[in-house]
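Here is a structure to be read piece by piece. Please look through the sequence and the model before going on.

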Amino acid sequence: MTGRSKSKPAAARGKTPAHDERRQPGPLVHVTSGGIGVDYSARTLQILLSVGGTSELGDADVVGLAYGLQQHDELGMLPTVSLVCRNVTQAKKAWDAFETWQTETDGDAVSLSWFFYAEGYYQLVIGAEPERLRFRLRGFDDSDDDLIMSGYFKKRFDRISKPTEEFRAYLRKRYSPYLFSACTESMTPIGMPILKFHGVEADVNSLLPGSPERIILGLETAPERGSKRNVNGAKWRAKMVKTRFPVTLARLSRDEIAPLLQEASALGFQTWQIEQAAANLALSNELSPGRPHYASLQRSTAVEAIAAGIRGRREAADSSDFRSLLTLECLLKQLVLDANALLKSIGQQTTSSPAQAVIKLRKAGLLETGQRDA
Amino acid sequence: MKRQLNIFVSSTIVECAAERLAAKAAIASIRHHPILFEDLGSHPYPPRSLYIRELHSADVFIGIYRESYGWVAPDAKISGLEDEHQLRVKLGRPPLIYVLRPAPNRDTRLTRIIEEAERSTVTFYSDPAELQERIATDLTSLVAQGFDSSRFAEDANEPPEGTTSAAPALGSAPSAPTLPPLESELLALLIAAAMPLTVEELASCSNEKVGAVVRALGGLGDAIVSLNGNVVALKQPRASLSAKYQLLCNPAEVDFYTYRIAAILETDGRSLDAYYLFEKIKHPRAERILARAAREAARTGRVEIALSLLRLNVDRAKREAEPDVAVSFLLSSAVLSLDAGRAGDAVAALAEARALDAPDWELAVREVDLLVRTESTGDGVAMAELAELRNSFQAEGDKYGAARTAILQSKLFIEIRHFAEATACARFALAVFTEQGDDDGRHVALHNLIASLSAQDGTEAEVRHLTDSIDEARADTPRVRAFQCNLAATRLRDAGDPTAAAEKSREAIAIGEQLGDVRLQLTNRINLGNALSDLGQTDQAVAEYKTVSAVASGAALRLVEGAATRLIATTLNEAKRWAEALPFAQHAAGLLRDTVDSKNFINARREEAESQLGLKNVSAALEAYTEAGSTARRLALHSKLGSILVELSGLTEVTPTAVVTTALKICGAEPAPNPVDALFSLVAEMGPLLSGLPQEQRGRAARMLFARALSDCPRAALGSVTASIAEQLVATLTGSASDLQVFGNFLLAFSANDLSLRQWNSLAEKTAEKFPGLVFLPFPDGAGHWTVTLDQRLIATVSELDDTPASFAATLCLAVGLSGIGREYLDALGSTELPRREADVQVITRAEFVTMIGAQYAPEPGTLVSVTRAVDETELRPPPMQAIADDDFELGPLERLNGKTGASFLLSRVLYEMARHLLRGQVSESALIRRLGPVVFPFYS
C-alpha cells in the first residue's frame, strides 16, 4: 500500500452513476469455521445508465440533417453536420448535455453513426460513447465491472444525398475532424458546435450478427442483461489477481517456492487456483495479520472486509512478505476453501479434501478455467 | 647456426645391414644427417612415398651395392633399389656410389645400375670398415671442393625415364628477377659478390647484421678468427689487397659457403634470401624453392620481387606444360597486383590464366575475376557472386577453397567498412587455415581479422591477444610494421593524439613507398589526411585525399577513389566551404553509385546534402537525404539510416512538413495530403523501421521524428491525434524491448499536457496489454501504479503520487524505461548476489511533495530530480524511494542536460538509487555510475 491520500481527479469528481444497482457484493466468499475461501471470478456489477441528451433530442423534433462547411478557428474550414430541430427548447437541453460531456471528456463523447441501408436510405444514431460515458460516471476506478446502458437517438433519412455520400467518404479518412451542431429550420444555431474527430459509417448489411449496432438499430433484440462490458468470470479473476497481486505473483516464481507449487500441481490444482490461493494468503496476512485463511475476520464483516481489501489493494515492492504463510499445508487448505467458494456458488457440496476439491471442480467443468456459466 | 647436409643412403636393407651402419657412422662423424629407411620409424605412408619424399629433401645420394637387386613390390616392375637410383638421376642429386668387390653372384639388373652409376663416381670397397672410411673421406672432399650438386646433375647427362626434358638451369630463365638487397645486406656483399670487405666496410654494418653473419657462419670453424665489435674477418688475408682483412678469395670456396649459407637460410624459413643465394651460384635448389620464395616476397610486401618470382614460376610451369601450376601462380599474381594497386596488371594476369587450359582451376579463376571486378568497378553483383562461390566451395566440402574466398571477402568488406562481416569471414578463414596448418593463409586471415576488429568497439582485448599471436618470425617485416603503424594511427586518433597518428601514418607511407606497394601508401595517406583533418589542417588533409584520389583513379581503384573524394567533401564541409565541397560530394556519389561501397555512397550523398544546405538549396539537400536514406533502408544499413533520420529530424532550417515528407519518402510511403495524415503514415511506417536501428539511435530517431511531425499538428487536434497515434503505435509495435524503446521515446515527443488524464490512463492500459513486463493499475484519482517484471521476476513497482498528466507521463516513462532496459540493468549490476530483489519507487513533483510531506524535507528548488533513499539500507522493508521532480521538470530534451532528455535523467537517478538499494552499497558510487550510464542513456537519448 502506498499510503497516498488523494482526491479524485477533476474529470470524475462529483459524478455519480445515474443508476447503481448492486446485484452481487462479489467476490464469491465462503465463510466456514475453518477459514474463508474467496473466488475472484465474481464481481460487483454496476449499471451505468445515461439517458440525458439523447432523450431530449428525441423530443427536439429533428426534421433534417444539413451538411455544409464551417470555419474552425484553428483547423480551418471543416465539414459540418447540423441537426435541424423544430423544438428549440428540447434541442438546447440536449446540447447542454452534450457540451457537458464534451467538457468532461471531449467532443467524441457524443457518438455519431451513419448506417446505410441497401434500400437507399440511412439512419443517424446519436448516443454516448461508452468508454467516455463510463469515465464520466465512474472515473478511473476499475475495481467493479460495469453494465453500461444508455439511450440512443435514431433518425431515419429517406434519401442518401450527394452531400451525405461525400461526408461518408470523408469519414473514411484517417483524419477527419468535423463539427456537429444543431440549428433551427431557419438555420439559427442552437448551442455551440462540437468538434469531433471520429464518426462511424457502415452498410447495415456488413454488421455482424450479434453486434451492438444491430441491437441499437432494432435488427436484433438485446440479450437479457443488455449491453455490458461482458467480461467473463475467468478473465475477471485473472485481471484482479494480476493487477491487485502482481508482487505476490512475482514471488511465486522464486525458486524456493517452486517445490510447493509442484506439489499442489501434482494434486491436480491449476495455475489459476494456486495464484488465487496465494493472493488470498497474502491478503489474509494483512487483514488477519500473520494468520492464514482470514482467520481473525468476524463472520459478519468478513465479506465486506475482503471485498474492500481487494478493491483498494495496491501491492508495492518490498512490502509485507506473506511467505511465512506459504506452507504446503496452508496453501492446500486455502485451495480447498477457494474451491468450496466456487462449488457453493453453483449449488454443489463442499469438501475438506484437496483431492475431492479437484474432482468436484472437474466434474462441474470448472477446473480448467474456473469459468462458471454466465 | 649450422645446417647439416641430408645424405640419403640407398641399398638393400638386410643384405647391406653392416654397410648401412658403417655409412651412418661415417656421415654422423662429419656432422651431417644420414637418411636411412629403417630410421624413419612408423609412418602412415607407403614405403615408396616415403623414400620419394626423403630423396627430395636429400642433398647427397649414397648408393651401396652388393649382390642383390632388391625386392620388387607386387604392383611394381622394378625394385625399390632401382627406383631410388632412377629418382636420384631424375632429381639430379650428387651420387657417391660404393660397390662391393668381389661380388660373384651379383644380380645382372644390379650390374646394369652400377654400370649406369659409373658415369659419375663409383668407389669399390671390400668390408664395412673400409666403406665407413671412404664415405667419410669422400663426403669431406665433396664439401671441401665446393659442393655444387648442379654439376653432378649435369653429369647425369641423361633425361630421367618418363620425363620429356630436364628442368633448365634457372640462369637461363627468360626474365631474371630484379632482386633487392637481401634482408642482411652483409650476406649479399659477403657471398654474392665474393668481394673482400675492408674493416671500414664491415664496421659500417650494424651489429645486428654482423651478428647474422656470425650466426650463419658459425659452423665453419676456424674460418672465423675474430669477432671484435663490428668486425668479422677471416684467416688467409690476400696479399694482393690493400686492406688488412679480406674475405673469401677463392671462388670455389665462395660457391661452397654460399650454398651452405643458403641452405641455412632455407632451413630458417627465409626462402627468399635462400633463393637469392642459390640463384647466384646457379644451384638447382633455387628452382625448387622458387614458389616458396615468391610467396614469402608477397607475404612480406616485396611486391616487385614477388611479381618477378611469380612470373618465373609461371614461365617454368608453361615450359613444363603444367597449365594448372601456371594458373595458380597467375592468380597469385593477379591478387598481389590488385593488392598493390595495379589493377591493370591484375587484369592481364587474369586474362593469361583464362587463356590456359586448366579446367580444375575454373572456379578459382572465377573467384579472382570477381575480386578484380569488385575492386576495380565496385560491382555489387560480383561481390554477391563471391559469396555464392564460397557457399559452393563449402557445399562441395572444399574448406580450403571456402577459406581462400573468405579471405578475399574479408578484404573487400574491410574496404567498404562492413567490419562485422569482414570479421566473420576472417574468423572463418583463420579457423580453416589453422586447422589445415597453412601458415601463410593463417597469417593473412589473422591480419584481416585484426584490421576488422580494430574498427569495432569493445574489441581491444581480442585485438591485443591476436596481435600478440602474430608469428614472431613474421612480425619483423616492413609490411607488418606498416600494418602496426596503421593500427596505431587509428588508436592514436581515437585517443585524441592526431599529431602522433600523423607520424605513424607517414612511417607507413614510407614503408609503402619502399615496398612499391601503392595500396599501402593510399590507405595510409587516407589515415594521414584524417589525422591532419583532426588537427584542423584542412588544406593539407585535402591535399592528401586528392593525392589518393588521383593515384587511385590512375590505378583503376574506383572504390578507393570514391572514398578519398568523399573525404575531400567531408573535410571541406566541416570547414563550411560548401561550394568547394559540393562537386567532390557529387563526384564521389557518382563514382560510388551502384557499387558495393554503398556506405560511402550514402556518406557522399549526405555530404552533398550538407553542402546544399550550406548553400541554402533545401530541396536539393532533401533529395540527397532521400536517396541516402532510401539506400540505407533498402540495404538494411540500420546505423546509417538511424544517423540520417536523426540528422534529418534535427534540421532546423527545414520545415516539419518537409522533414516528415522526406522521412516518408525514405520509407517508400506515399506522400500525405496534410501534416496529420503524414503523421499517421509515419507511425505506420516507423514502427518496424525504427526497430531495426541500433539501440543508441532508435529512441532518439523516434523521438525527434515524432516531435517534428507533431509540431505540425494543429493544437485543437493534438489530443485526439496523439491518442490515436499512440494507440496505432501500440497496435503496430511488438512487445519487444526495442519497440518499447520506440514507444517510450514517442511519449517524449509531445508535451504530457497534450493528453488528458483519461487519455493517459487509456494509453497506459493498452501499453500494459502490449508489453508483458508491465502491469498497470489505476488509482481512483487517475494516477498510475506500475509493476515492472522481467521474466516473471519483479524489478520494481512504480507509483505516481500526483494526478497530473505530466506526472503520469513521467511515471509511465519510468516504468517503460525500467521494463525496457531491465535485462541490461540487471547485467550492469554484475554478478553480485543481490540481498534484495525489489524496489518500490514513487514519483512525485516537488510541489506535491511540499504539500504532502513538508518543505523542510523537500530538495532545493532547481534540483531536477532528487531521489530519496531508504532510511536504513539494512532494513528488509525500507520505505519507498521517492523520485522528486522539480516543478519545471520535463521528459523531453533539456538545455540544462545539454540536450539529453529529462526522462533519461529521471531513469538514471532512480536506477542508481535502486542499484544502491539492491546491492546495499556493496558497489562503489563511481562503479555504479559507470555501469548504469551506458544502460540508461541510449534508451531515452
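Helix α35 of chain B is mostly covered, with 12 of its 17 residues buried (under 20% relative accessible area, where exposed is over 50% and partly exposed lies in between, with a 1.4 Å probe and protein chains only). Among the buried residues are B:Arg698, B:Ala702, B:Leu705 and B:Ala709. The helix covers residues 695-711, and at 1.5 Å a residue its 17 residues should span 24 Å, which agrees with the 25 Å between its end C-alpha atoms; the expected span is 1.5 Å times one less than the number of residues. Helices (H or I, at least four residues) and strands (E, at least two) are DSSP runs numbered from the N terminus.

This is a predicted model, in which local features need pLDDT of at least 70, side-chain atom pairs count only at pLDDT 80 or more, and totals for chains, interfaces and linings use all residues. Side-chain values use heavy atoms, without hydrogens and water, residues are numbered from 1 along each chain as its sequence is written, and chains are lettered from A and ligands numbered from 1 in the order in which they are written.

Chain B also holds an open sheet of 5 strands in the order β2-β1-β3-β4-β5, with parallel pairing; strands pair if DSSP finds at least two bridges between them. Its edge strands, β2 (33-35) and β5 (122-125), each pair on one side only. Strand β1 (residues 6-10) of chain B joins β2(B) through 3 bridges in the parallel sense, and B:Ile7 has B:Pro34 in β2(B) as its bridge partner.
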